[in-house]
Amino acid sequence: MTGFSKALMVSTDVAHIVLFHPDDLAHAGDWPIAWYSEPFVYPLESAAGRLIVWSTRSDGSFALRLTDGATTEREQSYAGPSWTFPYSVRHGRVFLDNTDTLPGKEQMTQTTDAEEYWIDIANGDYAVTVTALEWSAEPSARDGTADKGSSDNGADKLPDYVVQFQPASGEPIKPARRPPDLVCLMEAVATDKIYPHSPKPPEPIDFSRPYPAFASANVTRPGGHFSSQGEAPIEAAVPADGDKFAIFDTPFVVAAELVPGAPAVIAECHGSSGSPGKAMRFSFRARQAVQIAEVAGMFANGRFEKSGTIGFFRRQLRPVPPEALAAVRIAPLPEVTGKVEVSALRARMVGDLRGAGALGRQLGGLSEYEARKLEASDDAAMLMDWLIDHLPLDARERLRIATLAPDAQCEALSAAYDGLG
């Protein structure tokens, strides 16, 4: 006899289904959105028996049958991929969800909002097998007379997933590298393969044209994100009576200061927000590093105008009026190459994050998440970028260090790190 068999429906718009107890994941309360799917997080939480997650590979509503018994013959006839997860029940019950109630910075709902999604089960260590079913392959599923995912009486439609709780055998269950894909097709194959991310190649830079430009205290390294509010009339780069989305297709040059020779980034705007009485806030992604060759004029109402001159013998450039943006011409930065050994620096940073060091104090509840991220990567460039993002550097230093050769960059960042105390 089975102890329980419970049917539930879950709707998801992130293509993931989770089982957990919030008390076991309280340490993730400050972690960023989708932390549960990160390859440097998920295997650790899974191995500790605190979290089960799988990917449906599509959004939608899914029927589940949760049980501590066996699959039925009918379910076995339409079974597709399956995966067995380690899990430890510590509180006499677990919660089934679409990730909305997972602890985290962007938690959307509370488990108390849906009491019916709790599953009562005795404390202990379990091997939890999730099996995907192709319910639509059953001939009776097409006659339109049954409700998907209801009881298994031979007339109703099968669920999308059967979740079986069985006592752990004592043999360790290897955790998945990420939430595995369990697609509801009989011919599908379960996989936790990590697909490498190939960075998008940089777009060609037109060095012959002028660019709208402004100085920002928040500007950061290539690949990073920053925002600007009230620092410059950014909308002057596009016609006031034109397409309001043109600003998102306009490349900007942003630097700590607009002077010839200063390092800068080509940045693209990807968002804007505002409220009455306050300046608009614009969000940017820094694309590529360049240097300013010349302040060549200004952009006003989307049009470029060359700088005039003023003063005795007209030797000085006319100042850019407050309603316009500066226009600059840019040049490539000298190419930098080389490698640097960062294992000792990484170990120091991870220890700092997990201890009472300056970085750990600064990041608070995020420190363990960031420690796992650093610990899982042997990419020196990623480590340097992380320090640029998290050390208290001003805009001028951020851009200067970001354009150095790897050995000089590491030396500069190590010195700044030492200065934290």
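# Ring pairs, salt bridges and a sheet

Trp 118 is buried, with a relative accessible area of 6%. The structure described here is a predicted model.

## Aromatic rings

How many aromatic pairs does the structure hold? The count is 16. In one of them, the ring centres of Phe 40 and Tyr 369 are 5.3 Å apart and the ring planes stand at 65 degrees, so this pair is edge-to-face. An angle over 60 degrees is what places a pair in that class. Phe 40 belongs to the loop between β2 (16-20) and α1 (42-47), while Tyr 369 belongs to helix α5, so the pair ties together parts of the chain that are 329 residues apart in sequence. Both Phe 40 and Tyr 369 are buried.

Phe 95 is in strand β6 (residues 93-97) and Trp 118 is in strand β7 (residues 118-120), so parts that are 23 residues apart in sequence are tied together. Phe 95 is buried, at 1% relative accessible area.

## Salt bridges

Side chains of opposite charge can pair when their charged atoms come close. Counting as a salt bridge any side-chain nitrogen of Lys or Arg within 4 Å of a carboxyl oxygen of Asp or Glu, the total is 19. Three of these pairs are described here.

Arg 177 and Asp 192 meet through their side chains, with 3.0 Å from N to O. Arg 177 and Asp 192 both lie in the loop between β9 and β10 (211-215), so the pair ties together parts that are 15 residues apart in sequence.

Another salt bridge joins Arg 354 and Glu 375, with an N to O distance of 3.0 Å. Here the link runs between distant parts of the chain, from Arg 354 in helix α3 (residues 343-354) to Glu 375 in helix α5 (residues 367-375), 21 residues apart. Arg 354 and Glu 375 are also part of a network of salt bridges, along with Glu 45, Arg 50, Glu 368 and Arg 372.

A further pair is found inside one helix. Glu 397 and Arg 400 form a salt bridge in which the closest N and O atoms are 2.7 Å apart. These two residues are 3 residues apart in helix α7, so about one helical turn separates them. An α-helix has 3.6 residues a turn, so residues three or four places apart point the same way.

| Residue | Relative accessible area | Class |
|---|---|---|
| Arg 177 | 43% | partly exposed |
| Asp 192 | 10% | buried |
| Arg 354 | 39% | partly exposed |
| Glu 375 | 46% | partly exposed |
| Glu 397 | 27% | partly exposed |
| Arg 400 | 35% | partly exposed |

## Helix α7

Which residues of helix α7 (residues 395-402) are buried? They are Ala 395, Arg 398, Leu 399 and Ile 401. These residues cover an arc of only 165 degrees around the helix axis, which means that they lie on the same side of α7.

## An open sheet

Five strands form an open sheet with mixed pairing, in the order β1-β4-β9-β8-β5. Strands β1 (5-12) and β5 (79-89) stand at the edges and have a single partner strand each, so one side of each has no neighbour in the sheet. From one strand to the next, the twist averages 25 degrees.

The partner of β5 is strand β8 (residues 124-133); the two run antiparallel and are joined by 9 bridges. Along this pairing, Pro 86 stands opposite Ala 127 in β8.

Another proline, Pro 159, lies in the loop between β8 and β9 (161-167). Is Pro 159 buried or exposed? Its relative accessible area is 6%, so Pro 159 is buried, as the limit for that class is under 20%. From Pro 159 to Val 41 the distance is 30 Å in space, C-alpha to C-alpha, and 118 residues in sequence.

Methods
Residues numbered from 1 in each chain as written. Predicted model: local features only at pLDDT ≥ 70, side-chain atom pairs only at ≥ 80, totals over all residues. Heavy atoms only, no water. Buried < 20%, exposed > 50% of the residue type's maximum accessible area, 1.4 Å probe, protein only. Helix = DSSP H or I, 4+ residues; strand = E, 2+ residues; numbered from the N terminus. Arc of directions from axis to C-beta. Pairing = 2+ DSSP bridges. Axes fitted to C-alpha atoms, helices over the stretch in contact; angles between N-to-C directions. Phe/Tyr/Trp six-rings, centres within 6.5 Å; stacked < 30°, edge-to-face > 60°.
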